[in-house]
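Please view the sequence and the model first.

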Amino acid sequence: MDTTMLCHLDAVPDGGARVIDRDPGVIVVRRGQQVWAYINRCPHFSIPLDFEPGTICTYDAEVLMCAHHSALFRFTDGVCIDGPCRDAALSPLAVQVIEGRVCLC
Ligand code: FES
């Protein structure tokens with residue numbers, strides 16, 4: 001099993017997001033001990049969601065927002081619930097927390 005480490009869990013703000021600079025870029029979002037990861041590519045224009053590199057706005061530990069045209073994506077499944085690409089989804093990556101590290105699995 002591939003357990004490539006993306007980051008430490010503590011490096012992801014609880015209720016927030018962290019951009020992982022790799023190819024392709026990854027966004028990790030966190031709610032408590034739960035994490036989800038998505039390719040950092042907005043389904044609207046196929047560009048990274050962060051305009052200012054590394055900065056992703058999140059709300060209520062529920063949604064993250066694309067900086068370009070404000071599409072809102074659910075933490076839990078990456079589906080766009082509001083904005084120009086409504087019902088489209090971010091591309092998910094399977095991750096798990098192993099000994100305090102967020103790893104691809
Ligand atoms: S590029 Fe993300 S909402 Fe337009």
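Strands β10 and β11 (residues 101–104) pair in the antiparallel sense over 4 bridges; strands are DSSP runs of E with at least two residues, numbered from the N terminus, and two of them pair if DSSP finds at least two bridges between them. I98 has R101 in β11 as its bridge partner. This is a predicted model, in which local features need pLDDT of at least 70 and side-chain atom pairs count only at pLDDT 80 or more, while totals for chains, interfaces and linings use all residues. Residues are numbered from 1 along each chain as its sequence is written, and side-chain values use heavy atoms, without hydrogens and water.

The open sheet has 3 strands in the order β1-β11-β10, with antiparallel pairing. The edge strands each have a single partner, so one side of each is left without a neighbour in the sheet:

| Edge strand | Residues |
|---|---|
| β1 | 5–8 |
| β10 | 95–98 |

The largest nonpolar core has 17 residues, of which I27, V29, L49, L64 and F73 touch the most other members. A nonpolar core is a set of buried Ala, Val, Leu, Ile, Met, Phe, Trp, Tyr and Cys residues joined through side-chain atoms within 4.5 Å; buried means under 20% relative accessible area (1.4 Å probe, protein chains only). β3 (26–31) and β4 (34–39) each supply at least two residues of this core. A second, separate core of 12 residues includes L9, V28, V102 and L104.

W36 and F75 are both buried.

Technical notes. Buried means under 20% relative accessible area, exposed over 50%, partly exposed in between (1.4 Å probe, protein chains only).
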